[in-house]
Amino acid sequence: MTIHSERRARLAAALPAHGVETLLVTSSVNVRYLTGLDSSNAAVLVGADGSATLATDNRYVERAQALGVPVVEAVDTAGTLAVPGAGIEAASMSVATYRRLLDRLGGDALVPLEHVVEGLRAVKDEEELELLRTACAITDQAFADVCCAIRPGLTEREVARLLEARMAELGATRPAFESIVAAGENGSVPHHSPTTRPLMAGDLVTLDFGAVYEGYHADMTRTVCLGEPAAWQRELYDLVAAAQRAGREALVPGADVREVDAAARSVIERAGHGGHFRHGLGHGVGLEIHEEPFLGPSRTGRLEDRVPITVEPGVYLPGQGGVRIEDTLVTREGEPELLTKTTKELLVL
């Protein structure tokens, strides 16, 4: 049994609990997870009896036929595979497609479901974890190499380009997302887009970036200082570092995702900066940069074993700057496995 057939078998076994005998999978990421086909137009129908049929158009059909799944060539992949009573992926199917399928099936109900495949994807198999380790190793090395070149006068965009070019040279398929380089006052914006602002002596600089390797996404953030940090910068950094350690220590199988978030958030709140930590503590990573599970005060669920997830507290002071420290880890019995291994000590460049 291949890794993809094992995944389909797990999905098939889970379908009766969702009240359906078949699931029409139309998310391109989920199709790749279940079949190995990376494409812009494909769907797979998976049955509780273990059956599966893959549909794709003629651009991908030859590749699809090598994957060990029955293949139907079609442009309208969802319409070709839809059957009465099938579950559908509500998060990825448009309302227009849903209505069209209902018309085609003569009014027979389709069952909108959410997070069925995503829930399975949260727990990674060893093949996935090895790809993630490689993506994170590339990310670590790119940071180490580019740190040597970061200096006052370079712009945020130039540093972002250096990071992305180095990741490509080290074997990355592409960046996991638009790299964030936020210098000085721009560090108060968690998802700042790099600009032509030059780096200056005395700046805290936040770098949030990651490599994709064979479809799997790394995510890491480090904050560095250009020259000796001021007292407030050192104090802010030490606070975020303490919160990040608390979050990592709470990351164990069985933990409630809200309690993991609270472990880090409470450190920041006790220091009087609760209002300056404006996002959840972390998120799953894998075939997508943001996937289940999510760590946050309004999230629900418990962590399982072998779940890659980020821990990324931050404190953002409007008009002044900010600090964020982020690692990608994997939940394990005992203590989590750290995938992004670059030091979390404040680097003074």
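This is a predicted model: local features need pLDDT of at least 70, side-chain atom pairs count only at pLDDT 80 or more; totals for chains, interfaces and linings use all residues.
## Largest pocket

The largest pocket has a volume of about 360 Å³. Its lining comprises 24 residues, and those nearest the centre are His-191, His-279, His-283, His-290 and Glu-312. By class, this lining consists of 8 nonpolar, 9 polar and 7 charged residues.

Two strands, β13 (282-284) and β14 (291-295), each supply at least two residues of the lining of the largest pocket.

## Second largest pocket

The second largest pocket holds about 250 Å³ of space. Of the 15 residues that line it, Ala-122, Glu-292, Pro-293, Thr-300 and Arg-302 lie nearest the centre. The lining of this pocket divides into 7 nonpolar, 4 polar and 4 charged residues.

Helix α6 (116-122) and strand β14 each provide at least two residues of the lining of the second largest pocket. The most is given by β14, with 3 residues.

## The β7-β10-β11 sheet

Three strands form an open sheet with antiparallel pairing, in the order β7-β10-β11. Strands β7 (174-175) and β11 (216-217) stand at the edges with a single partner strand each, so one side of each has no neighbour in the sheet.

The antiparallel pairing of β7 with β10 (residues 211-213) runs over 2 bridges. Within β10, Ala-211 is the bridge partner of Pro-175. Helix α7 (residues 126-147) packs on the sheet and touches β10 and β11. The direction of α7 makes about 145° with that of β10.

Key: Residues are numbered from 1 along each chain as its sequence is written. Side-chain values use heavy atoms; hydrogens and water are left out. On a 1 Å grid over the protein atoms alone, a cavity is a set of points where a 1.4 Å probe fits but cannot get out, and a pocket is an open set with protein on both sides within 12 Å along at least five of seven lines; lining residues have an atom within 4 Å of a point. Grid points are joined across faces, edges and corners, and a volume is the space filled by probe spheres set on the points. Helices (H or I, at least four residues) and strands (E, at least two) are DSSP runs, numbered from the N terminus. Ala, Val, Leu, Ile, Met, Phe, Trp, Tyr, Cys and Pro count as nonpolar, Asp, Glu, Lys and Arg as charged, and the others, Gly among them, as polar. Two strands pair if DSSP finds at least two bridges between them. Contact means heavy atoms within 4.5 Å. Axes are lines fitted to C-alpha atoms, for helices over the stretch in contact, and angles run from 0 to 180 degrees between N-to-C directions.
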